[in-house]
Amino acid sequence: MKTTLLSLAVAAALSFAATAGAAPDATATNAASESVKISASRYHMEPQEFQDYQSSYNLSNGETISFTRQVGRFYTAIKGQPRVEIYAVGPTEFITRTGAHLRFADAGDTLTVSNYERLPMLAKLPANTTVMAKR
């Protein structure tokens, strides 16, 4: 009985491994291009580390973006738009689920937002839009 169960488990694992190596279908490829996978390699940021960034910034395109923290989670919002959760991927870098990349420099005085068009906003922008700000 134990041998039969072990054989079934091994067969199932081999079957799963074979299908995992198969080429992705078009639906999976399209879905992957619309979002970013947040992996376990996220950076653990303590709330006090975020204090340098918890502010509003006037972006080079005239918009205002702000950063807030609530119950151990970090958020950004463009003035007048819904807030978006951001995930630390380094001590000065964050990413959204949709692929906007936010990078701080100069102890939080400088901000660069790559793929800015992936943040929620009313206007549609071209791909790979980058904006910058200084406090």
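Is Tyr-57 buried or exposed, and what is its relative accessible area? In this predicted model, Tyr-57 is buried, with a relative accessible area of 1%. The legends below take up its surroundings and then other parts of the structure.

**View 1. The surroundings of Tyr-57.** Leaving aside neighbours within four places in sequence, Tyr-57 is in contact with a set of residues that includes Asp-52, Glu-63, Thr-64, Ile-65 and Phe-67.

**View 2. Aromatic pairs, with Tyr-53 and Phe-104 as a stacked example.** The count of aromatic pairs comes to ten. In one of them, the ring centres of Tyr-53 and Phe-104 are 4.1 Å apart and the planes stand at 20°, and because planes under 30 degrees apart count as stacked, this pair of Tyr-53 and Phe-104 is stacked. The pair links distant parts of the chain, since Tyr-53 lies in the loop between α3 (47-50) and β1 (56-58), whereas Phe-104 lies in strand β6 (residues 101-105), 51 residues apart. Both Tyr-53 and Phe-104 are buried.

**View 3. Tyr-57 and Phe-67 as an edge-to-face pair.** The rings of Tyr-57 and Phe-67 have centres 5.7 Å apart and planes at 85°, so the pair is edge-to-face. Tyr-57 belongs to strand β1 and Phe-67 to strand β2 (residues 64-70), so the pair ties together parts that are ten residues apart in sequence. Phe-67 is buried, with a relative accessible area of 2%. Ring pairs link Tyr-57 and Phe-67 into a cluster that also includes Phe-50, Tyr-53, Phe-74, Phe-94 and Phe-104.

**View 4. The open sheet of eight strands.** The strands follow the order β1-β2-β3-β4-β5-β6-β7-β8, with antiparallel pairing. At the edges are β1 and β8 (131-134), each of which pairs on one side only, and the twist averages 25° from one strand to the next. Strand β5 (residues 93-95) and β6 run antiparallel and are joined by three bridges, and the bridge partner of Phe-94 in β6 is Leu-102.

**View 5. The largest nonpolar core.** This core has 21 residues, and those with the most contacts inside it are Phe-50, Tyr-57, Ile-65, Phe-67, Phe-94, Leu-102 and Leu-111. At least two residues of the core come from each of β2, β3 (73-78), β4 (84-90), β6, β7 (110-114) and β8. In soluble globular proteins, nonpolar side chains tend to be buried together.

**View 6. A charge over a ring.** The charged end of Arg-83 sits over the ring of Tyr-75, at 3.7 Å from the ring centre.

Definitions and conventions:
Residues numbered from 1 in each chain as written. Predicted model: local features only at pLDDT ≥ 70, side-chain atom pairs only at ≥ 80, totals over all residues. Heavy atoms only, no water. Phe/Tyr/Trp six-rings, centres within 6.5 Å; stacked < 30°, edge-to-face > 60°. Helix = DSSP H or I, 4+ residues; strand = E, 2+ residues; numbered from the N terminus. Buried < 20%, exposed > 50% of the residue type's maximum accessible area, 1.4 Å probe, protein only. Lys NZ or Arg CZ within 6 Å of the ring centre and 35° of its normal. Pairing = 2+ DSSP bridges. Axes fitted to C-alpha atoms, helices over the stretch in contact; angles between N-to-C directions. Core = buried A, V, L, I, M, F, W, Y, C linked by side-chain atoms within 4.5 Å. Contact = heavy atoms within 4.5 Å.
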